[in-house]
Amino acid sequence: MTEWHLDPEVVRHYAAGEVGPAVAASAEAHLMACAACRGQLASTVDVQRAAAIWRAVADRVDMPRRGVLERLLARLGVNDATARLVAATPTLRGPWLLAIAGVLAFVAVAAHADERLLGVFLVIAPLGPLGGVAVAFASGLDPTREIGLATPYSGLRLLLIRTAAVLVTTVPIAVAAGLALPGPAWLAAAWLLPAVCLTSVALALTARLRPVVAVGAVAAAWLVVTVTTVLNGHTRALFGAGAQLVWLALVAAAGLWLVGRRNPLTIRLGRSS
Amino acid sequence: MTAVRVIGATKSFGRTRALDDVDFEADRGVSGLLGPNGAGKTTLLRTVATVLAPDRGTVSLLGRNPDRPDERTQIRRRLGYLPQEAGFHRGFTVFAFVDYVAILKEMTDRRARHDEVRRVIALTGLESVSGKRIRALSGGMRRRVGLAQALLGDPELLVLDEPTAGLDPEQRLRFREMISEAGEGRTVVLSSHQTEDVAALCTRIAVIHQGRVRFVGTPGALTAQAEGRVWMDAQRAPTALAAWRTGDGAYRNVGDPPPGAEPVAPTLEDAYLLLVGRPELEVVAS
């Protein structure tokens with residue numbers, strides 16, 4: 001038992017959180033050993049502040065370490081709630097991303113041996129992001145879909161958050177693979193607008209069709225149009241500068257349609273069929 | 001205001017009619033849907049959970065119409081739902097998963113949300129595994145995680161589809177306690193094909209079979225349906241709808257007793273067997 005006690009002013013400032021780290025550490029060391037000063041502190045401390053500190057400590061202890069993706073998103077300024085919604089997107093799993101990277105890298109490398117595969121790359125590159133959106137909403141692949149449907153969270157908002165997450169992760173993969181292509185540099189990005197266009201059209205069609213069906217219909221139409229065109233050697237007709245303007249116009253039209261149809265879309269996404 | 005009111009609900013999946021002109025009501029306390037697998041219990045519960053819309057009929061939940069998007073959102077703010085096969089993001093920890101559902105339940109303030117997550121984790125006895133990944137948990141523990149997320153926000157209406165399925169006897173008892181506590185002061189609608197669970201928990205039962213409601217009433221009223229139709233005999237009676245040899249070697253027969261048979265006290269299970277074994281029999285008791 002020590003004969004020395006904390007100055008009442010120090011106790012008051014400590015309780016209010018108004019002392020520096022050195023004084024705080026010294027006061028805490030003494031408080032641990034001195035019941036009289038602890039008693040003095042107890043009568044001084046603001047109950048609400050103590051409760052807030054306790055909550056913060058409990059939060060820090062209970063809150064599990066966030067995954068790599070959530071930490072990365074937090075660094076990019078995404079709030080923790082949105083980061084968690086993104087982290088729950090089924091297509092942001094390693095195997096899916098590796099599969100996309102593997103296929104595109106294979107085709108890009110193979111195009112060095114046979115330049116006809118350049119066209120194949122341009123045809124399949126937009127399907128990666130598009131497939132990601134479909135898988136993100138396939139009822140069999142989103143294990144919490146049933147629970148999510150019964151919550152008040154907007155289905156459209158979730159669709160858009162997940163679509164953005166899929167695009168943000170798959171597009172860089174496809175761009176990286178595209179940089180390995182032989183031929184002119186513009187080819188590496190020529191598929192980009194078509195990819196955004198296909199995704200936008202698929203989202204717009206979701207007002208009438210289930211997301212997976214909408215994506216399937218868009219992908220099928222894309223393959224029908226592009227495979228024959230590319231096989232006939234008219235790659236520029238689909239991916240040249242003029243065609244890019246058409247894709248841009250289609251992106252804008254699908255975006256406007258999506259905005260106009262957001263209410264029926266929200267209703268449609270709000271329930272199971 | 002009745003918390004749950006379903007009138008004339010009909011729902012088909014392709015050629016299968018899952019619900020056929022079903023009427024169902026539930027109010028404060030625990031109400032149970034009893035029926036064999038494929039009877040239509042899950043379809044009715046999904047309707048009550050606002051996930052599914054019936055093809056025909058009207059539904060009113062907490063005084064609101066779930067067909068109207070704005071009212072549906074209002075219902076969902078006061079609803080907790082444990083699906084039959086609750087899926088999880090298995091890589092998430094228990095805390096992270098419950099927190100994820102809390103976000104979907106529009107709990108935007110991080111600190112308050114985490115307080116609520118901690119509350120439901122404590123309510124369901126999951127504190128010790130809060131930081132564990134869900135894929136490392138047993139089936140019973142995962143069921144508790146499902147219940148924890150359903151309890152988020154202290155919902156007025158709790159919909160639990162087969163909450164005790166796949167649990168061992170001890171876990172089932174613990175679950176009964178939790179559901180019983182949850183039923184105080186709110187409306188709980190649960191489904192089960194376990195008559196013991198329903199008898200232990202529910203103040204009101206609806207027996208569903210082949211998409212139709214066969215009985216509505218109290219567990220006592222359902223049990224009373226089997227009065228005089230359960231008897232013990234040295235052998236299986238040909239008139240029995242169901243008969244099984246008990247531990248003491250005698251047969252417990254359920255059905256139409258032969259002359260001279262001495263009836264024994266029926267159980268809820270006996271009455272349930274009589275009801276679903278004879279679909280032409282439809283009873284509505286008060």
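1. Start with the contact between the chains. In this predicted model, 37 residues of chain B are in contact with 25 residues of chain A. On the chain B side, the elements that each give two or more residues are helix H2 (69-76), strand E5 (79-82), helix H3 (94-104) and helix H4 (110-123) of chain B. H3(B) gives the most, with seven residues. By class, this side of chain B has 16 nonpolar, ten polar and eleven charged residues.

2. Now chain A itself. Chain A is divided into two parts: domain 1 covers 8-63 and domain 2 covers 71-269. How far apart do the C-alpha centres of domain 1 and domain 2 of chain A lie? They lie 54 Å apart.

3. Back to chain B, and to strand E5. E5(B) is among the elements that touch chain A. Leu79(B) and Tyr81(B) point one way from E5(B). Gly80(B) and Leu82(B) point the other way. All are buried. In a regular strand, side chains alternate between the two faces of the sheet.

4. Which strand of chain B pairs with E5(B) over four bridges? The partner is strand E6 (residues 157-161) of chain B, and the two pair in the parallel sense. One bridge can be found by name: Tyr81(B) has Val159(B) as its bridge partner in E6(B).

5. E6(B) also pairs with strand E7. That pairing is parallel too, over five bridges. Look for Leu157(B): its bridge partner in E7(B) is Thr187(B). E6(B), helix H6 (residues 169-182) of chain B and E7(B) make a right-handed β-α-β unit.

6. Is strand E7 (residues 187-192) of chain B mostly covered or mostly open? Mostly covered: six of its six residues are buried. Thr187(B), Val189(B) and Ser191(B) point one way from E7(B). Val188(B), Leu190(B) and Ser192(B) point the other way. Both sets are buried.

7. E7(B) has a further partner to check, strand E3 (residues 29-34) of chain B. Six bridges join E3(B) to E7(B), and the two strands run parallel. Gly29(B) has Thr187(B) as its bridge partner in E7(B). Thr187(B) is also the bridge partner of Leu157(B). So much for the names; the pairings can be traced in order. E3(B) pairs with E7(B), E7(B) with E6(B), and E6(B) with E5(B).

Notes. Residues numbered from 1 in each chain as written. Chains lettered and ligands numbered in written order. Predicted model: local features only at pLDDT ≥ 70, side-chain atom pairs only at ≥ 80, totals over all residues. Domains from an automatic or database assignment. Contact = placed C-beta atoms within 7 Å. Nonpolar A, V, L, I, M, F, W, Y, C, P; charged D, E, K, R; others polar. Buried ≥ 20, exposed ≤ 12 C-beta atoms within 10 Å, placed from the backbone. Pairing = 2+ DSSP bridges. Right-handed = clockwise from strand over helix to strand, strands pointing away.
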